Amino acid sequence: MIRILVFAFIIVTASFAQAANKEGRFVQKDNLFPKVQINTSLGKIIVELDRSRAPLTVNNFLTYVVNGDYKGSVFHRVERDEANEKDFVIQGGGYDKDYDGMFERKPIFNESGNGLKNEMYSVAMAYQDSKPHSGTRQFFFNMDDNDHLNPGRGWGFAVFGNVTDGYETLDKIMQVETGYNQKLGYSFIPKTAVIIHSVDILPAEEF
C-alpha cells in the first residue's frame with residue numbers, strides 16, 4: 001500500500017511539474033508582436049517581440065518569461081567599445097546576483113538570417129563563442145548599430161525584438177560602474193548588480 005501511495009505521489013508531482021512548465025508558443029499564440037515589460041532595479045524596459053521574423057527565438061524567450069525564469073537574474077555584461085568611443089551591448093538573463101549560472105533549457109536554432117538587424121535598441125539572442133546554435137536564455141540589447149553582429153559569410157546574432165519604451169533605463173544601465181569579476185573572468189561586469197525583478201507579458205493590443 002505504501003509503495004502504491006508513493007508511486008501515485010510521484011505521478012501527481014510529475015504532472016504538476018509538467019503543467020507548471022508552460023511553453024512560450026502558447027502565449028498570445030495569434031499575436032505576431034507580443035510585448036513584455038522587463039522590470040529592473042534601475043527601471044522598466046518594454047520590448048516588442050517579432051514572431052513574424054524570429055518565431056523560434058521569441059517562443060523560446062517567452063517560455064523563460066512565462067515560467068518566471070528571469071526573476072532574480074542580472075545584466076552581467078555592460079560593455080563599451082572603448083576603441084571607437086561607442087556603447088556596445090547590455091547582456092543578461094543567465095546569471096543570478098552572485099554571478100552563478102541559472103537553469104537552461106535546450107539550445108535553439110540560430111535565426112540570424114531573418115532580416116532583422118543588430119541596430120541600436122534592438123534585442124538579440126546571445127550564444128557561446130563559435131557555437132551559433134547554442135543560444136538558450138541569455139539576451140542582449142544593442143546599444144549602438146552593431147553591423148558586425150549581423151550575418152555575413154558566417155552566422156550572426158538573431159535579433160528578435162525592439163525596445164519601444166524604457167530607453168532611459170538602458171541608458172542608466174549603460175552608465176553603471178563596471179570592473180573585473182574573478183568568477184566570470186571579464187572586466188565589463190557591473191560592480192553593483194543590475195537585477196531583473198520580473199518580466200511581465202503585456203496585454204495584447206487590439207487593432
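Trainee: How long is the polar contact that joins the side chains of Asn 118 and Asn 142?
Mentor: Good place to start! This is a predicted model, where local features need a pLDDT of at least 70, side-chain atom pairs count only at pLDDT 80 or more, and totals for chains, interfaces and linings use all residues. Residues are numbered from 1 along each chain as its sequence is written, and side-chain values use heavy atoms, leaving out hydrogens and water. A polar contact is a pair of N or O atoms within 3.5 Å; within protein, one must be able to donate a hydrogen and the other to accept it, and residues adjacent in sequence count only if both atoms are side-chain atoms. For the side chains of Asn 118 and Asn 142, the value is 3.0 Å.

Trainee: Which residue has its backbone oxygen 3.1 Å from a polar atom of the side chain of Asn 118?
Mentor: Strands (E, at least two residues) and helices (H or I, at least four) are DSSP runs, numbered from the N terminus. Leaving aside neighbours within four places in sequence, the contacts (heavy atoms within 4.5 Å) of Asn 118 include Ala 124, Asp 144 and Val 159. The backbone oxygen at 3.1 Å belongs to Phe 157.

Trainee: Is Asn 118 buried or exposed?
Mentor: The classes rest on relative accessible area: buried is under 20%, exposed is over 50%, and partly exposed is in between (1.4 Å probe, protein chains only). The relative accessible area of Asn 118 is 0%, so Asn 118 is buried.

Trainee: What is the class of Asn 59, given its 18% relative accessibility?
Mentor: Asn 59 sits in helix α2. Because its relative accessibility is 18%, Asn 59 counts as buried.

Trainee: How many of the 12 residues of α2 are buried?
Mentor: Phe 61, Leu 62 and Tyr 64 are among the buried ones. The cover over the buried residues of α2 includes β1, β2, β5, β6 (139-142), β7 and β10 (195-201). The helix is mostly covered, and the count of buried residues is 9.

Trainee: How far apart are the end C-alpha atoms of helix α2?
Mentor: The expected span of a helix is 1.5 Å times one less than its number of residues. With 12 residues (55-66), α2 should therefore span 16 Å, and the distance in the model agrees: 16 Å.

Trainee: Which residue in β2 is the bridge partner of Ile 38?
Mentor: Strands β1 (residues 35-40) and β2 (residues 43-49) pair in the antiparallel sense over 6 bridges; two strands pair if DSSP finds at least two bridges between them. A hairpin of 2 residues joins β1 to β2. Across this pairing, the partner of Ile 38 is Ile 45.

Trainee: Which residue in β7 is the bridge partner of Ile 46?
Mentor: β2 also runs antiparallel to β7 (residues 159-165), joined by 4 bridges. There, the partner of Ile 46 is Asp 165.

Trainee: What is the mean pLDDT of the protein chain?
Mentor: pLDDT is the predictor's confidence in each residue, from 0 to 100. In this chain, 89% of the residues reach 70 or more, and the mean is 91.

Trainee: How many contacts does the stretch of residues 1-19 have beyond near neighbours in sequence?
Mentor: Over residues 1-19 the pLDDT is below 50. Beyond near neighbours in sequence, the number of contacts for this stretch in the model is 0.
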